[in-house]
Amino acid sequence: MNTDKPNSQLPDDDFALFREAISGTSQFKQDTVQQARRQTRFKGEVIAEQKKQHQAEFYFSDEYVPDIDTHGTVNYVRPGADKYLAKQLRRGDYAPELILDMHGMNKETAKDELAALIHACKKQHVACACVVHGIGERVLKHKVPQYLVQHPDILAMHQAPLEYGGKGAVLILVDLPQSMEFRC
């Protein structure tokens, strides 16, 4: 064994064989692969998620049952708003810019997603959106309109035309500030 290299445990002839085997090679610099950073949730993201959940719990109650017919054609206009808005939604005068597909969701998840959709509409200045709740066992078909009626930013809603989901969807109009209203 070589005694001049304290960390070396191989004999000199093994080092010589290794150096001979790798002769003619050159060291390369590894600069193309970057190590992926682990995604951490920032405090602001956690607070935003908690705020979204609080809004969903605040606006959407299972206890309150509004006086709207959810068994026929869903039709609602906020008191004080133009009744013509529901007809415009029915005719397809407004095209939704955002679509929320709720297939497979339960009521609690649906509340959170509805609150997020309305928040996204206001943030992106989108007046018209489509909520696809599906028909299935009719739980969300009945609950989604009842939730939407409770939210103060919903101007009107109507069962969607066939191209946007028909009986399995509703179109909603979100109340935006006057300067950017109805961009659809």
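Why does K107 count as partly exposed? Please then take me through the helix that holds K107.

Tutor: Before we start, please keep in mind that the model is predicted, that local features need pLDDT of at least 70 and side-chain atom pairs count only at pLDDT 80 or more, while totals for chains, interfaces and linings use all residues. Residues are numbered from 1 along each chain as its sequence is written, and side-chain values use heavy atoms, with hydrogens and water left out.

K107 counts as partly exposed because its relative accessibility is 32%; buried means under 20% relative accessible area, exposed means over 50%, and partly exposed lies in between, with a 1.4 Å probe and protein chains only. K107 belongs to helix 4, which covers residues 107-124; here helices (H or I, at least four residues) and strands (E, at least two) are DSSP runs numbered from the N terminus. Setting aside neighbours within four places in sequence, K107 is in contact (heavy atoms within 4.5 Å) with D62, V139, L140, K143 and Y147.

The 18 residues of helix 4 reach 25 Å from first C-alpha to last, close to the expected 26 Å, a span taken as 1.5 Å times one less than the number of residues. Just after helix 4, H125 has a positive phi of about 60°.

Along helix 4 the buried residues are A110, K111, L114, A115, L117, I118, A120 and C121. An α-helix has 3.6 residues a turn, so residues three or four places apart point the same way. L114 is, with L148 and I172, among the residues that touch the most other members of the largest nonpolar core, which has 29 residues; such a core is a set of buried Ala, Val, Leu, Ile, Met, Phe, Trp, Tyr and Cys residues joined through side-chain atoms within 4.5 Å. Helix 4 gives the largest share of this core, 7 residues. Beyond its neighbours within four places in sequence, L114 is in contact with residues including L100, V131 and Y147.

Strand 2 (residues 98-101) has L98 and L100 on its covered face and I99 and D101 on its uncovered one. Strand 2 and strand 3 (residues 128-132) pair in the parallel sense over 4 bridges, pairing being called when DSSP finds at least two bridges between two strands, and L100 stands opposite V131 in strand 3. From strand 2 the chain passes through helix 4 to strand 3 in a right-handed β-α-β crossover: with the strands pointing away from the viewer, the path from the first strand over the helix to the second runs clockwise.
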